[in-house]
Amino acid sequence: MPEPSQDAERAKAPLPFGVAEVTGPSMVPTLHHGDRLLVHYGARVRRGDVIVLRHPFQQDLLVVKRAAERREGGWWVLGDNAYAGGDSTDYGVVPDELVLGRVRFRYRPRTPDRRSPLAVAAWALSSARPVFSDRSASRRLRAR
């Protein structure tokens with residue numbers, strides 16, 4: 001049975017925002033394994049944005065990458081960690097219909113080992129922050 005289209009998924013959602021969890025090292029240093037993301041589904045994507053998309057070959061798998069460049073047929077996406085792989089250098093241009101939304105905010109959950117007041121204060125100051133567009137990924141693409 002075919003999957004519902006992206007528009008059908010958006011129409012069912014009561015709000016255009018959702019939460020996703022990062023797994024793997026492909027977006028280090030911007031995002032780390034275990035980070036939670038606030039995703040704005042259906043948001044306009046621009047070069048440099050961190051986005052959530054369906055993997056082109058495994059469409060039940062959601063992927064977080066940086067939209068590096070607009071190309072014919074979709075987006076060229078890259079991970080911020082050039083050594084992790086799993087981006088457009090492996091699977092090519094990602095069609096627009098597989099791009100689900102733009103990441104707006106990152107939250108790092110507190111680990112149980114952070115009990116001291118100083119550790120809790122450090123976590124509180126660094127745990128939540130917006131995710132901004134960064135042009136460094138597109139510069140790296142041109143350098144290849």
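Analyst: Buried means under 20% relative accessible area, and exposed means over 50%. The model shown here is predicted. In it, Tyr91 has 9% relative accessibility, so Tyr91 counts as buried.

User: Is Phe57 buried or exposed?

Analyst: Phe57 has a relative accessibility of 64%, so it counts as exposed.

User: How is a pair of aromatic rings described?

Analyst: Two quantities describe such a pair: the distance of the centres and the angle of the planes. Rings pair here if their centres lie within 6.5 Å, and planes over 60 degrees apart count as edge-to-face. The count comes to two aromatic pairs. In one, the ring centres of Phe57 and Tyr91 are 6.4 Å apart with the planes at 85°, so this pair is edge-to-face.

User: Which parts does the pair of Phe57 and Tyr91 tie together?

Analyst: Phe57 sits in the loop between strand S3 (50-54) and S4, while Tyr91 belongs to helix H2, so the pair ties together parts that are 34 residues apart in sequence.

User: What is the geometry of the pair formed by Tyr107 and Trp123?

Analyst: Tyr107 and Trp123 are also edge-to-face, with 6.4 Å from centre to centre and 80° between the planes. This pair links distant parts of the chain, 16 residues apart: Tyr107 is in strand S6 (residues 99-107) and Trp123 in helix H3 (residues 117-126). Trp123 is buried, with a relative accessible area of 18%. Tyr107, at 35% relative accessibility, counts as partly exposed.

User: Where is Ser88 found, and what does it touch?

Analyst: Ser88 is in helix H2 (residues 88-91). Its relative accessibility is 1%, so Ser88 counts as buried. A contact needs heavy atoms within 4.5 Å. Leaving aside residues up to four places away in sequence, Ser88 touches Trp75, Trp76, Val77, Val93 and Val94. The side chain of Ser88 also reaches the backbone oxygen of Gly92, at 2.8 Å.

User: Now the largest pocket. How much space lies in it, and which residues are closest to its centre?

Analyst: A lining residue has an atom within 4 Å of a pocket point. The largest pocket holds about 320 Å³ of space. It is lined by 17 residues, of which Thr23, Ser26, Leu62, Val63 and Val64 are the closest to its centre. Strand S1 (17-21) and strand S4 (62-71) are the elements that give two or more residues to this lining.

User: Which element gives the most, and what is the lining by class?

Analyst: S4 gives the most, with four residues. By class, the lining has 10 nonpolar, five polar and two charged residues.

Conventions
Residues numbered from 1 in each chain as written. Predicted model: local features only at pLDDT ≥ 70, side-chain atom pairs only at ≥ 80, totals over all residues. Heavy atoms only, no water. Buried < 20%, exposed > 50% of the residue type's maximum accessible area, 1.4 Å probe, protein only. Polar contact = N/O pair within 3.5 Å; in protein donor to acceptor, adjacent residues only side chain to side chain. 1 Å grid on protein atoms, 1.4 Å probe; cavity = no way out; pocket = protein on both sides within 12 Å on 5 of 7 lines; lining within 4 Å. Points joined across faces, edges and corners; volume = space filled by probe spheres on them. Nonpolar A, V, L, I, M, F, W, Y, C, P; charged D, E, K, R; others polar. Phe/Tyr/Trp six-rings, centres within 6.5 Å; stacked < 30°, edge-to-face > 60°.
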